[in-house]
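Let's take a walk through a protein model together, one stop at a time. Have the picture open while you read.

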Amino acid sequence: MANLSNWYESKSLVVQALVDLICQRTSFVLREPEIDKFILILGSYGIETENNFADSFFAEYEGDDDGVLQQFVQDWCGVAKGCLPKKLLKEANSTQLWNDLIRHDFYKLIFNGNTYFFKRVF
């Protein structure tokens, strides 16, 4: 749960619930100004409530380099393994899988040097 400061108390109950979930699920969105900015960016993706966030949030990764995308694709393939042809998983590299398939289902958000993935349909 977020710190019960004046900043927090000034938020609506809907936003307080969203702040609480962001604080629970992320490790790198910590300070009040960061949380405000993060919430503003999430809103541009249609993520405005605790339920929206819970339904759409997939993963948070430290950093924003190519290794992050590679790790995400590996993690995603582990979850989607039964849904994808084995040939596709063996022959495609991470960047190709992201560009040809996965990016249509996820938003990739880089915030304060870290990377967040949210499902587009939630």
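This is a predicted model: local features need pLDDT of at least 70, side-chain atom pairs count only at pLDDT 80 or more; totals for chains, interfaces and linings use all residues.

A salt bridge is a side-chain nitrogen of Lys or Arg within 4 Å of a carboxyl oxygen of Asp or Glu. Residues are numbered from 1 along each chain as its sequence is written, and side-chain values use heavy atoms, with hydrogens and water left out.

Let's start with the overall layout. The chain has seven helices and three strands (DSSP runs numbered from the N terminus: H or I of at least four residues for helices, E of at least two for strands). Going along the sequence, they come in the order α-α-α-α-β-α-α-α-β-β. The chain has 122 residues, and 40% of them count as buried; buried means under 20% relative accessible area, exposed means over 50%, and partly exposed is in between, using a 1.4 Å probe and protein chains only.

Now for those salt bridges: the structure holds two. In one of them, Asp36 pairs with Lys11, and their closest N and O atoms are 2.7 Å apart. Asp36 sits in helix α3 and Lys11 in the loop between α1 and α2, so this pair ties together parts that are 25 residues apart in sequence. Asp36 is partly exposed, at 29% relative accessible area.

Arg31 and Glu34 also form a salt bridge, at 3.1 Å from N to O. Here Arg31 is exposed, with 55% relative accessibility, while Glu34 is buried at 13%.

Next, look at helix α2, which covers residues 13-25. Its 13 residues reach 18 Å from the first C-alpha to the last, close to the expected 18 Å at 1.5 Å a residue (the expected span is 1.5 Å times one less than the number of residues). Several of its residues are buried, including Leu18, Val19 and Leu21. Their cover includes α1 (6-9), α3 (32-44) and α4 (50-56).

What Asp20 does have is a polar contact, side chain to side chain, with Tyr8 at 2.9 Å. A polar contact is a pair of N or O atoms within 3.5 Å; within protein, one must be able to donate a hydrogen and the other to accept it, and residues adjacent in sequence count only if both atoms are side-chain atoms.

Note on methods:
Contact means heavy atoms within 4.5 Å.
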